[in-house]
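Here is a short briefing on one protein chain. Please keep the sequence and the 3D view open as you read.

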Amino acid sequence: MISDIGKLLQIIENQLGWGDAATWQSKDFEILNQLIFEKTKVSLSASTLRRIWGRVEYNHLPSATTLDTLSQFAGFENWRAFLKTNSERHKAAKTANHPVGKSNFTSYLKISAVILATVLVGIFVSFWITRTRADISPDNYVFTSQRLAKGIPNSVIFNYDASSSPTDSVYIQQSWDPRTKTLVGKGMHQFTSVYYEPGFYQAKLVVGGKVVKQHKLMIPTKGWLGLIENKPVPFYLKPADFVFKDVMQYNVGPIWAKNTGLQSQVPVTKYYNVGNFMPVPLTGFSFSTLVKNEYSEGSAACQFVHVSLITDGFPIIIPLSAKGCVSELNMISVNWIISGKTTDLSAFGIDFSDWVLVSCKNTGNKIQYFINNKLAYEAPMPSYEVKIVGMGFSFQGTGAVKKIELKSNAKMEFNAF
């Protein structure tokens, strides 16, 4: 079983393309935690992942749930399906290596020759990859970026020099998510990408599966940005249509009726403000706002709402819904992901017939979350410095926001409406 687990981990490592797992840092396991959750909707903590990868001494086998989750992340239905596939591959290889009968002696020699050649090629490739990675020094590479404007959508020019790469495997990864990787020419020096939503990203230059350079990249807004989610390009709202003196709200009905592409699904309305105030450290911060979901037609009965604080690391995302839908909620507290399927998040079940007061603050070594002034949840503070650089509000259907306040050690840093 242990060898099967090792093979599963190797498949995941190859899919991620982050290089040798022995070189992964703590933040890599936190990122992997979020990627696994996004794909499987099951949260495996960063500490659990470190134990599985042998970074922490642990003398027990992973649970069935953990193995099923890792298997699903790797592309299998579950752990049993992975074992079956792995066993079939092993039997096929064993059959190929052991032909039966003296009359097959010639075939045996041919097969043996092929196997020997394959082994030699494998040894060569393994040696070449190891040698290549050893030859990749971050000092030989350049990677910077330049925003072309302030506002959304925004094009970013990535300037890079990967001419020292011993391989054609040169990628630019636009964020922490490995799915945003794009293969670029090692002899080229520029790559341009369009960002349709604001946020804080970690751009990376990846050579031969190794991250050689990375830097933080903020995509800001010009004041408040409103949009209706749509792929690949959102519907952007005019500020005059949703920003008012005492409230931020939008009537989604007219645009939903006019655009047939939106009629088959419940619209998601988002409001953002990123990069328009000085970064606020999580240490000593407090935040509060009033929100209301104003749409509950058809399949929008759950009235999902997300109140987000965008940071220079992972975000804070506070979820809300109608009381009967709390099991579908997923909360993020920087480097912690909390699922409503495995945690009691009933305090985030709301009656949206009136305004809801949502607040959070740092108290000691915890971040506390409150709904209508009642403690709903608390999570550990991250062990490293994190700063708030923006905020966002997302409504299934549409919604309203007012009385936004962000403070640092009781000093007002940003307020609106």
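Is K341 buried or exposed? K341 is exposed, because its relative accessible area is 54% and the cut-off for exposed is over 50%. Keep in mind that this is a predicted model.

**Salt bridges**

- The count comes to five salt bridges.
- Side chains of opposite charge can pair when their charged atoms come close.
- K341 has E328 as its partner, with 3.1 Å from N to O.
- E328 is partly exposed, as its relative accessible area is 43%.
- A salt bridge also joins the side chains of D312 and K216, at 3.9 Å from N to O.
- That pair links distant parts of the chain: K216 belongs to strand β7 (residues 210-219), D312 to the loop between β14 and β15, and they are 96 residues apart.
- D312 is buried because its relative accessible area is 16%, under the 20% cut-off.
- K216 is partly exposed, with a value of 47% relative accessible area.
- E405 and K407 meet through their side chains in a salt bridge of 4.0 Å, N to O.
- E405 counts as partly exposed at 32% relative accessible area.
- K407 is partly exposed too, with 25% relative accessibility.
- A network of salt bridges links E197, E229 and K270.

**Disulfide and cysteines**

- The model has one disulfide.
- The bond runs between C302 and C325, with 2.0 Å from S to S.
- The link of C302 and C325 is left-handed, with -75° about the S-S bond.
- Both C302 and C325 are buried.
- C360 is also buried, because its relative accessibility is 2% and buried means under 20%.

**An open sheet**

- Three strands make up an open sheet in the order β1-β2-β5, with antiparallel pairing.
- β1 (142-147) and β5 are the edge strands, and each of them pairs on one side only.
- On average, neighbouring strands of this sheet are turned by 20° against each other, direction ignored.
- Six bridges hold the antiparallel pairing of β1 with strand β2 (residues 154-161).
- V142 has D161 in β2 as its bridge partner.

**A nonpolar surface patch**

- Which residues form a nonpolar patch on the surface? They are V194, Y196 and V233, and together they have about 210 Å² of accessible area.
- Y196 is in the loop between β5 (190-195) and β6 (199-207).
- Y196 counts as partly exposed because its relative accessibility is 31%, which lies between the cut-offs of 20% and 50%.

Technical notes. Residues are numbered from 1 along each chain as its sequence is written. This is a predicted model: local features need pLDDT of at least 70, side-chain atom pairs count only at pLDDT 80 or more; totals for chains, interfaces and linings use all residues. Side-chain values use heavy atoms; hydrogens and water are left out. A disulfide is a pair of cysteine sulfur atoms within 2.5 Å. Buried means under 20% relative accessible area, exposed over 50%, partly exposed in between (1.4 Å probe, protein chains only). Patches are made of residues with over 30% relative accessible area and no salt bridge: like charges are joined within 9 Å, nonpolar side chains (Val, Leu, Ile, Met, Phe, Trp, Tyr) within 5 Å. Accessible areas come from the Shrake-Rupley method with a 1.4 Å probe; for residues, only the protein chains shown count as cover. Helices (H or I, at least four residues) and strands (E, at least two) are DSSP runs, numbered from the N terminus. Two strands pair if DSSP finds at least two bridges between them. Axes are lines fitted to C-alpha atoms, for helices over the stretch in contact, and angles run from 0 to 180 degrees between N-to-C directions.
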